[in-house]
Amino acid sequence: MIEDSAQNQLQRLQRLQAFETEALGFTSQLYRVALRLCRDKAKAEDLVQETYLQAWRSFHRFVQGTNLRAWLYKIMFNVYYSGQRREKLQFVGTEETIAETIAYDPPTPQQLTDEEVLAALEQLPKDFQVPILLADVEELSYREIADAMGIPIGTVMSRLHRGRKLLRTELTGYARNAGYTISK
Amino acid sequence: MQKMDCHNFKEVLDSYFCEELTVETNHLILHHAERCPPCRSEMASRRNLRLALQRACAQDQMSDDACERLRTLLRAEAKAGYVAKVKSAGSRRGWWAAFFDLKLALPMMAGVAALLVAAIGVATYMQSPGRLPIPLDPAETPSAGQVAALHLSNALMTEAASGHRKCASHVKSDSTSQGMPDEVNDLDPACVDLDKIAAEGAQGLQLCLAHVCGDPDRHFAHLIYRHEGQLISLLVTPRDGRAMQTGQVPIFVARLAELQESQQTELNLNAYQTEKRVILVVSALPKSENEKLAHTLALPVVKHIRRIENQAALLKWPEFDRNFAEIELLSTARGGGLR
């Protein structure tokens with residue numbers, strides 16, 4: 001019995017070490033997305049924490065050699081959706097804004113500070129913010145984003161397209177207010 | 001995509017940066033940018049925007065406390081044995097199908113029965129006084145017992161107050177310190193350079209003494225500062241059974257281990273806990289001032305020690321060390337090695 005117990009414990013230690021080595025490097029990346037989902041630091045930290053606990057409990061199901069980061073994002077969205085009673089990210093009150101901006105393709109300002117870019121991103125509805133963050137900051141592929149968020153890849157592409165246009169529109173406003181010249 | 005004009009170029013440019021386009025479309029993009037200066041400029045601007053987004057978002061980091069809480073919870077779960085079974089090569093049929101296999105049904109039922117008995121046993125044990133608190137679910141409200149388990153003992157507070165009095169009596173008005181001596185390394189390696197670590201929170205305080213003190217049962221890494229004629233002690237000591245009110249060292253839960261206070265004849269004490277250590281600030285200052293000082297003086301030390309403990313914790317679980325040795329012995333006796 002002692003031998004079994006010791007072996008089980010050693011196995012758990014080895015698995016936890018492997019898990020920590022492989023997975024804990026992504027905490028801040030997950031946190032950034034969680035922050036956009038929850039819009040509150042404490043809630044975002046709780047979401048990341050719950051994600052890791054779920055991931056540890058399911059680590060035996062993770063297929064080695066596949067994308068661990070994408071797998072963690074998928075778990076995080078599942079945890080988030082289940083907390084939101086499975087209401088996936090919906091367009092709320094953004095259709096009119098989109099209708100106004102969609103025909104206009106704003107040029108990208110040449111000079112921008114990081115703070116202005118962040119402020120413009122914060123202005124976007126979170127259903128646009130999150131795919132932009134996943135694609136342009138965390139550099140997930142469109143397919144990985146679709147899998148993680150549980151939405152069709154076409155929806156990901158459409159949200160990215162509209163979201164990026166909205167972001168440029170926001171930034172153009174910032175650039176003009178700051179007196180920058182916008183290239184046409 | 002057969003034709004790449006300025007409109008198409010701008011439509012697919014972001015996907016080009018995301019490496020989502022075919023080789024042919026990538027080629028068309030580059031070819032168009034080469035001969036169209038406005039689109040080349042737009043390309044540079046969008047690349048800058050992407051980089052600015054990455055830089056700006058990189059500033060959002062999980063706090064040290066949250067990372068530490070996460071590691072503690074993971075370790076507690078692993079320690080408690082909550083880990084799903086590793087699939088063996090022959091288990092691809094799935095456990096549900098295996099359940100109906102007559103050869104497995106009986107042992108599995110016996111296993112379920114054993115689990116039920118174990119669960120009842122654990123529940124009974126948890127009701128008994130003096131038990132160790134179980135790891136907390138972050139969403140759960142901690143029970144009074146779990147919070148009480150983290151209370152520090154009066155004996156520790158008395159020893160800390162006594163340590164402050166004894167050592168402060170040797171401090172003269174012109175005493176200055178050269179820093180923590182090397183012998184602290186034998187006592188507690190985490191306290192090497194304690195004076196330098198504490199310096200961040202010791203602005204305006206003059207370091208008078210840095211040494212190791214105490215008796216065989218309780219030792220301290222001890223710094224004494226002077227501020228406006230008052231002597232202030234910062235003490236670091238092991239978080240052992242004697243340091244805890246219950247006499248047992250509970251699993252450490254950072255979010256519950258708040259600053260604790262105590263009063264000992266004319267002295268005020270405030271204490272922080274880490275998983276393995278207690279950090280105390282002692283002085284004759286009024287209660288509120290001592291507490292304020294504890295925040296500024298002790299927190300950099302607490303953060304430093306927690307970081308060190310996090311790095312070292314995993315490989316220093318005594319149970320694992322002991323069991324690993326047992327497995328090694330068993331394997332050696334059988335002439336086999338570990339897998």
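Strand β5 (residues 267–273) of chain B pairs with β6(B) in the antiparallel sense over six bridges, where strands are DSSP runs of E with at least two residues and helices are runs of H or I with at least four, numbered from the N terminus, and where two strands pair if DSSP finds at least two bridges between them. This is a predicted model, in which local features need pLDDT of at least 70 and side-chain atom pairs count only at pLDDT 80 or more, while totals for chains, interfaces and linings use all residues. Residues are numbered from 1 along each chain as its sequence is written, and chains are lettered from A and ligands numbered from 1 in the order in which they are written.

**Strand β6 of chain B and its partners**

- A hairpin of three residues joins β5(B) to β6(B), and Val281(B) in β6(B) is the bridge partner of Asn270(B).
- Strand β3 (residues 230–238) of chain B also pairs with β6(B) in the antiparallel sense, over seven bridges, with Val236(B) standing opposite Ile279(B).
- Seven of the seven residues of β6(B) (residues 277–283) are buried, so the strand is largely enclosed by the rest of the structure; a residue is buried if 20 or more other C-beta atoms, placed from the backbone, lie within 10 Å of its own, exposed if 12 or fewer do, and partly exposed in between.
- In a regular strand the side chains alternate between the two faces of the sheet.
- In β6(B), Arg277(B), Ile279(B), Val281(B) and Ser283(B) point one way, Val278(B), Leu280(B) and Val282(B) point the other way, and all of them are buried.

**Helix packing in chain B**

- Helix α1 (residues 6–17) and helix α3 (residues 37–58) of chain B pack at an angle of about 30° with their axes 11 Å apart, the axes being lines fitted to C-alpha atoms over the stretch in contact and the angles running from 0 to 180 degrees between N-to-C directions.
- α1(B) and α3(B) are therefore roughly parallel to each other, since angles under 35 degrees count as roughly parallel, over 145 as roughly antiparallel, 65 to 115 as roughly perpendicular and the rest as oblique.
- Residues of α1(B), including Phe9(B) and Leu13(B), meet residues of α3(B), including Met43(B) and Arg46(B), and the contact divides into six nonpolar, no polar and six charged residues; Ala, Val, Leu, Ile, Met, Phe, Trp, Tyr, Cys and Pro count as nonpolar, Asp, Glu, Lys and Arg as charged, and the others, Gly among them, as polar.

**Chain A**

- Chain A has nine helices and zero strands, and 39% of its 184 residues count as buried.
- The axes of helix α2 (residues 27–38) and helix α3 (residues 41–57) of chain A come within 8 Å and cross at roughly 130°, and the two helices are therefore oblique to each other.
- The contact of α2(A) with α3(A) has nine nonpolar, two polar and three charged residues.

**Positive phi values in loops**

- Glu139(A), in the loop between α7 (126–137) and α8 (142–149) of chain A, has a phi near 60°, a positive value in a residue other than glycine, and Glu139(A) is partly exposed, with 15 other C-beta atoms within 10 Å.
- Glu228(B), in the loop between β2 (218–227) and β3 of chain B, has a positive phi of about 50° although it is not a glycine, and Glu228(B) is exposed, with 7 other C-beta atoms within 10 Å.

How values were computed
Contact = placed C-beta atoms within 7 Å.
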